[in-house]
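Let's take a walk through this one together.

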Amino acid sequence: MLGTYYTFPELLLWIPLVTGIITFFIRKESSVKAFALISSLLTLAVSIISLLYTDVKGHPDYFNYNNVSYVWLPYLGSSFYVGLDGMGHLLTFLTAFTLPLIFTATYKSQFKNPGSFYALMLLSQAGLMGVFVAMDALVFYFFWELALIPVYFLCSRWGGERRIQATFKFFIYTFAGSLLMLIGIIYLYLHTPAVTALADHSFSLRAFYNAALSPNRQTGLFCLFFVAFAIKMPIFPFHTWQPDTYEQAPYPTVMILSGIMVKMGIFAAIRWLLPLFPLAVHKFDNVVIVLSVIGIIYASCIALVQTDLKRLVAWSSIAHIGLMGAAIFSQNESGLSGVMLEMFNHGINIIALWIVVYIVNEKTGIRKISELGGLAIKSPTLAIFFVIIVLANVALPLTNAFISEFLMFNGLFLFSKWYAVFACIGIILSAVYMLNMVQKVFFGVSNAITEKVQPIDLRQKIVLSVMVITILALGIYPAPILHLTQDTVTDILLRIK
Amino acid sequence: MGNIFNLVYWIPLLPFIGFLINGLGRQTISKKVIGFIGSGVIFLSFCLSVLVFLQASKEGFVAQNISYFSFINVGKINIPFEFQIDQLTSLFLLIITGVGFLIHVYSTSYMNEEPRPGYGRYFSYLNLFVFSMLLLVMGGNYVVMFIGWEGVGLCSYLLIGFWFKNNDYNNAAKKAFIMNRIGDVGFLLGIFWLLSTYGTVSYNELFNSTGGLINPATANTKILTAITLLLFVGATGKSAQIPLYTWLPDAMAGPTPVSALIHAATMVTAGIYMVARSNIMYSLAPATMTVVAVIGLATAIFAAVIALRQNDIKKVLAYSTVSQLGYMFLGLGVGAYTGAVFHVMTHAFFKALLFLGAGSVIHAMGGEQDINKMGGLGKKMRITYITFFIACLAIAGIPPFAGFFSKDEILSAAFTNNPVFYIIGLGGALLTAFYMFRLLALTFAGNFRGSDEQWHHVHESPGAITFPLITLAVLSTIGGFVGIPEMFAKNGHKLGEFLAPVFESSTKILTAHHLPEQTEIILLAVSVILIVGVCFWAWNKYKKYSAGETAQSGFAKAIQNKFYIDELYNAIIVKPLKAISNVLGNVIDKAGIDGIVNGVGKSINYGSRQIRLLQSGQVGTYIFLMVLGMLLLFIIQMFTK
């Protein structure tokens, strides 16, 4: 059955896609929410089961459970080829795991026209899944855009006051990047060898890996792809769309955006950029790392002086992404494994942070940090969760992020000691802005508004417990994820060297 | 070997369980039970530590490595979660759990006025603190040590800011965490360097006397100097040395037993432990040794001077800790590893005693901490007074109290290394004697200077408080006898013998010059006579003290204001950072980078609007443009051929 009639990547794709389309037509708010939650749980179940079949080396037949290819556009040399490798498993699991948590945590939020809202959320999940499983450049591009468009509508219809301005910029900016990538894809396509008799060229990832490219061509193509991915991540100085968009986006969307969607850029850099243009990567690695390290310090500094909770989290995210960017381009095992782990950890940690910010915002109606205070008295449970989540965000040992940051910094250190020294300034600054936030929001005495805050409800307690347990579990025993992605890392490194 | 080492994980696990129970049950469990669990788990850990110690002190004991699971395993990097138990660890285990237990017992009474959720929270943090410190000393590699290293930083943050409604306390807590973080970055970079050079961070593989990767034959001094300096940066943060010491005096914001815990049993001794643990690397990096010694000595003097003029009972003690830690680093820097560890031990006794005594005083005074408003308390609080007095004798270094032996060992080692170190160090010791006896006199002697109401309130503290005081006083009295110098008793230095295997390689590297006995006795006599003299002087000067001390000279004022170091850091680091950040956020990002992005959009918009004008709808223009284009193509083709 498995592997003959259906495979994991397909299920992970079709479930959110189909349920998403159905959701458009549901009217009643409670049914919409229930349906979306069930859909996301179903995806999660599939994803969990898929994790049992990752040992392709030990069981060659598992390959068929994880990979499938349909005839799609034979005369163009493109097939609908989707597959899961270690990194794919990791990121599809992240997507599947966090969506139910997002839905549950924001269950009480009311959105106008809930059917469309949740439908778009599910469609963006489908787009993300597609990106993570695509093994064909055309498929990849298709889903890359599919993930973007629902988010655009989510932000522009349900966002904050300045949503139109912010999302317009977000859309144009990322779309411009995507187009550059499309040019690159087509150009690359024309340099691939024929795989089948029907077409002269091929869009498949494997064919792309085998494309014959002169160093100069690599340089040009690298730039096209890099800009697209750098905007998505974002890497300094391509980041300016992000704080505004995060500020304006509705909470469930911003969670997807910052928790999962930025991983598209990182994922794509690892899957496409490094192995396709190794020569150009060697040429530009210093440039990219310097930009990334500047980004760490720059974003951390700006986070120090933010007065708005959402913007603070947004800038902290840019700093984290900067470290990941630097680690990718260190091109060694430690750095890449760290990035793999961090992709998951950062997803969990930042979504958890957003959930707490959302709860604070929902309870008080305030986002301005200086107007809050004393919440720990009124809602001690929330304070405890928040402190743990913040500690994970500053990468304290025994939280998940410590190990990933350790590996990334170590990778960067192996590449260049001085880069690591500068990047490490981020460790100090992150503690400063994060603890500032804790202090101003939760500690001190309560004021007229925070006085009335009620403790958090059971649903939110459960969600936060799940996240905190994940944080601690991976902080103590990260081996499952490191093991899962080990082959991908080795494979990528082989292609670079 | 006994199977006690199979159970060794219980030593940190028990406090962790205590942390979980008290943390989760802080609303429901009664205060008595919370206090019982909180102290009980530490006591059990202490019992286990005693068993471990007994094993470790057996003849022919070799360091035990217990690996539990692979913590970080990526390709060539394999960092297991492992413990290493050797003599050094077992000694620290005793100090941490022993003194820690007394502090827990003391806390059950001291924190009694705290309502229930806070009481449970307090004990859970305290347990977590001990847990982190135990991880730190039991870890079998630098990464596990780092877990404890940052863990104690976190716990100090939580406990200093325990009364989180007060924003000053919160600021102090944040400062402690950030200062520590700055040091931690150095530590982390040191780990990376170790890892990239040797491929491992396990002590066993690095330092093993047979076949360790770091040995005199193959040592690369340059790299080792860099690594040890980076690790030492970590130590300056955790152990409050120049330039990262300013958090420790502010850390007084926490409840007093917490100060005792931070200053005596946990946290600040971490830096000493780390250097002692890495002794081989330090011994092979002479440049670092000098840095360590100089920084230690400078801190010892600097903090002692500041302590002279502090009027907050806890602040005096805080600066005294900074100063004493400086002595320990001086000891490490001159290669007297045993002496430094010895001083950690005796210091743990008398400093815990001093803080707990201070707590007893503060308790009796209803929260008053200003020694200007005390005086004559000795009459009403006999036990506190006598024990505090013993602690003062011990810290001043008067024989035969504990501090005398350890301090003497460090100073005489300093003399062999460089007589200047000795002279400055002795000067610091005199300052110590002075400020301690000033504190003693102002607090316990003379007349009471507070209000009548306060005087009425003053009382001796209950048993849960006096019991730890008496125990620690006994230890402060006799604790030094484990390290009697050779000249007084052959084989008198039991501690030195016990720790010898740990420092074996270093002893070989650093060929110690032994002082002639006569010189040593002269040094000893001189220092003791001077110290006793200073004690009497300070005591007499402040015994009859009545009115508020006014800072006369500008220098005295500078001392009272701690040399304005906090203000200096604020002016040269904090403020510029904020200003730069504001500029980055509001100018560079908004107008600069985002301006360019928007500019691209705008110029496209503008360009399109201009190009649109071409489509005028007039056929004549179109034909004209077409002809122009064709001409252009022709020209291009002609020239390219």
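**A covered helix, a helix pair and an interface**

Start with H5(A), which is mostly covered: 20 of its 20 residues are buried, buried meaning that 20 or more other C-beta atoms, placed from the backbone, lie within 10 Å of the residue's own. Helix H5 of chain A runs over residues 114–133 and spans 29 Å from first C-alpha to last, close to the 28 Å expected at 1.5 Å a residue. Helices here are DSSP runs (H or I, at least four residues) and strands are E runs of at least two, numbered from the N terminus.

A word on the source: this is a predicted model, where local features need pLDDT of at least 70 and side-chain atom pairs count only at pLDDT 80 or more, while totals for chains, interfaces and linings use all residues. Residues are numbered from 1 along each chain as its sequence is written, and chains are lettered from A and ligands numbered from 1 in the order in which they are written.

Next, find H6 (137–158) and H7 (163–189) of chain A, whose axes come within 10 Å and cross at roughly 175°. H6(A) and H7(A) are therefore roughly antiparallel, the word for angles over 145 degrees. Among the residues that meet are A:Trp144 and A:Tyr152 from H6(A) and A:Phe170 and A:Met181 from H7(A); contact means C-beta atoms within 7 Å.

Finally, 39 residues of chain B are in contact with 40 of chain A. H6(B) gives the largest share of chain B's side, 13 residues.

Notes
Axes are lines fitted to C-alpha atoms, for helices over the stretch in contact, and angles run from 0 to 180 degrees between N-to-C directions. Angles under 35 degrees count as roughly parallel, over 145 as roughly antiparallel, 65 to 115 as roughly perpendicular and the rest as oblique. Two residues are in contact if their C-beta atoms, placed from the backbone, lie within 7 Å. The expected span of a helix is 1.5 Å times one less than its number of residues. A residue is buried if 20 or more other C-beta atoms lie within 10 Å of its own, exposed if 12 or fewer, and partly exposed in between; C-beta atoms are placed from the backbone.
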